[in-house]
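Please open the structure in your viewer and keep the selection panel at hand. The tour moves from the surroundings of the ligand to individual contacts, and then out to the whole chain.

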Amino acid sequence: MTHSDLSTDLNQLTNLLAHYPHPLIIFPEVDSTNKWLLENGNHGAVCIADRQTAGRGRRGKEWQSPSGVNLYLSLRWHFQVLPKHYSWLSLMVATLVAEVLQREGIQGQQVKWPNDLYYQGKKFGGILLQTTQRLEHVVIGIGLNINMDQEPEEPITQPWCSLKSITGQVLDRNQIASAIALELSSYLERFASLDVDTLYNTWQRWDLLSQCSVVVQGSDHTLNGIACGLDSQGRLLVLDHQNTLHTFSSADVSVRM
Ligand code: BTN
């Protein structure tokens, strides 16, 4: 992408989000949109970059963030009080992104617990929640491979795909970015009032692991079993081959199929 394309692109994004009710910050390049909002943002602020030089992934990994092809979007939200079902938030953000993409015409995506976006065994998106010193002030970061069709400079260490490879079409990053920002801020207004049954019903529509054989990897243990949904806190339930049910928190383990 040339620089003139980039500025046209960024202007178009500003126009699409002209009625976004909170601050909007758009960078051609930034280290990490999450980091920027953690240090600078106000309630509701959205930060989008064309490229990140130090994109952050879950579990301390780097998120490859080349220019011109993907979406790197963060939104900062200040809850008045910590919502009762806060531990569901990152899961529900992933389902919200899956739903927005469905409305944009994309089909076949699923969410791999806790919050990875997958298509046919390959990851195309991820969510990273980070809080400030105050737990109720959260930055929600969303990374989506949209039109990326080549491995970035630093190879990605797991099978990946992009919305372009899924649909065979070049997609409008700005359209997707603005739909996500608007949907997410309106969802966050309602989140604290939702009950667990509602959250779980939504989750079940997108759950990739449901009833699948999984391998759960913790720091000092590995468990093979069948994924059997989530408990009331959004933790993964896995039934092992001795019929014992185990509960895993996303901070402690990673899961393979
Ligand atoms: C994951 O590892 O699956 C989570 C990836 C989250 C990446 C996004 S890109 C926008 C935001 N800014 C960051 O530095 N990370 C998140």
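**Around the ligand**

In this predicted model, begin by selecting α2 (33-40), β3 (71-78), β6 (122-131) and β7 (137-144), each of which supplies at least two residues of the shell around the ligand.

Next, select the shell itself: 20 residues surround the ligand, and the closest are Ser32, Gln52, Arg56, Arg58 and Lys123.

**Individual contacts**

Now display the ligand together with threonine 33, where a polar side-chain atom lies 3.0 Å from a nitrogen atom of the ligand. Then move to arginine 56, whose backbone places a polar atom 2.7 Å from an oxygen atom of the ligand, and go on to arginine 58, where a polar backbone atom is likewise 2.7 Å from an oxygen atom of the ligand. Of the 410 Å² of accessible area that the ligand has on its own, the protein covers 98%. Switching to a surface view, look for the largest pocket, which is where the ligand sits.

**The whole protein**

Finally, zoom out and show the cartoon, in which the secondary structure comes to six helices and 12 strands. The C-alpha trace spans about 60 × 40 × 35 Å along its principal axes. The radius of gyration of the protein is 18 Å, which agrees with the value near 18 Å that a compact globule of 257 residues would have.

How values were computed. Residues are numbered from 1 along each chain as its sequence is written. This is a predicted model: local features need pLDDT of at least 70, side-chain atom pairs count only at pLDDT 80 or more; totals for chains, interfaces and linings use all residues. Side-chain values use heavy atoms; hydrogens and water are left out. A residue is near a molecule or strand if one of its heavy atoms lies within 4 Å of it. A polar contact is a pair of N or O atoms within 3.5 Å; within protein, one must be able to donate a hydrogen and the other to accept it, and residues adjacent in sequence count only if both atoms are side-chain atoms. Accessible areas come from the Shrake-Rupley method with a 1.4 Å probe; for residues, only the protein chains shown count as cover. On a 1 Å grid over the protein atoms alone, a cavity is a set of points where a 1.4 Å probe fits but cannot get out, and a pocket is an open set with protein on both sides within 12 Å along at least five of seven lines; lining residues have an atom within 4 Å of a point. A molecule sits in a cavity or pocket if more than half of its atoms lie within 2 Å of its grid points. Helices (H or I, at least four residues) and strands (E, at least two) are DSSP runs, numbered from the N terminus. The radius of gyration is taken over C-alpha atoms; the globule rule is 2.2 Å times the number of residues to the power 0.38.
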